[in-house]
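Please read the following note with the sequence and the model side by side. The points move from the whole chain to single residues.

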Amino acid sequence: MKPNYFGLIASSILFLTFIVLSLVFQSTTYLYIASVGPLLIVPFLPDIRSGQYIKPNQAKGAVRLITMENKDKSGSDFLVILFEQGFVKWDRGQLYFNLDDVMRDVYVKPDPFAATMTVLKYDLSLHRSKKGWVGISLPQLQQRMSQLSYTTNEINRIVIQLSDVNELLQKTVSQPAAAGRSVGA
């Protein structure tokens, strides 16, 4: 859920105005009106738990990020996120992982009961403030999941093409440079 900044600022100013009025006029009426202010502010607060972060070193083996080479040498390597069932909180907006946490040259034991979900290019986004963190849109995965024979509770692998992640990183690196050149021209 995106926060409504106008509503947040307006309700905060209204709250502070009634607090100041109650102090200036020493009026309990203004103080009672100001006490309703926090109730008006709460619906406009941003949802700070809208994302889940994958941190393999803190997960105690519950999750691993592994790169796998494609056997047919077509040039498309994969990033596989292996996790225990129930690790991913599917009600969150984004699932973030750090590219620095990816392990290379790790053998993954084949699992006949593995349920895998493929992440497409448009499911990926970069974190706005944390460098190297890539987000996966969980609502978009859930929407595609409705057409599959298994549920989110059964998923224990997420597969991403590394070319999609690299393309996303290249796009964001080239955009600020292009914007800077057009402004200076």
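1. The accessible surface of the protein comes to about 12500 Å², and 58% of this area belongs to carbon and sulfur atoms. Accessible areas come from the Shrake-Rupley method with a 1.4 Å probe, and for residues only the protein chains shown count as cover.

2. A word on the source: this is a predicted model, in which local features need pLDDT of at least 70 and side-chain atom pairs count only at pLDDT 80 or more, while totals for chains, interfaces and linings use all residues. Residues are numbered from 1 along each chain as its sequence is written, and side-chain values use heavy atoms, with hydrogens and water left out.

3. The protein has five helices and eight strands; helices (H or I, at least four residues) and strands (E, at least two) are DSSP runs, numbered from the N terminus. In order from the N terminus, the elements run α-α-α-β-β-β-β-β-β-β-α-β-α.

4. Of the 185 residues, 34% count as buried, where buried means under 20% relative accessible area, exposed over 50%, and partly exposed in between (1.4 Å probe, protein chains only). Among contacts with a separation of 6 or more, 71% join residues 24 or more positions apart; contact means heavy atoms within 4.5 Å.

5. How do helix α1 (residues 5-25) and helix α2 (residues 28-35) pack, and at what angle? Their axes lie 8 Å apart at an angle of about 160°; axes are lines fitted to C-alpha atoms, for helices over the stretch in contact, and angles run from 0 to 180 degrees between N-to-C directions. The two helices, α1 and α2, are therefore roughly antiparallel (angles over 145 degrees count as such). The residues of α1 that meet α2 include Phe15, Phe18 and Phe25, and those on the α2 side include Tyr30 and Leu31.

6. Helix α4 (residues 138-145) has Leu138, Leu141 and Met145 as its buried residues. Seen down the axis of α4, these fall within an arc of 60°, so they line one face of the helix; the arc is that of the directions from the helix axis to the C-beta atoms. An α-helix has 3.6 residues a turn, so residues three or four places apart point the same way. The cover over the buried residues of α4 includes strands β4 (94-98), β5 (115-119), β7 (133-137) and β8 (155-161).

7. Leucine 124 is in strand β6 (residues 124-126) and counts as buried at 8% relative accessibility. Its C-alpha atom is separated by 5.6 Å from that of glycine 135, 11 residues apart along the chain.

Conventions
Angles under 35 degrees count as roughly parallel, over 145 as roughly antiparallel, 65 to 115 as roughly perpendicular and the rest as oblique.
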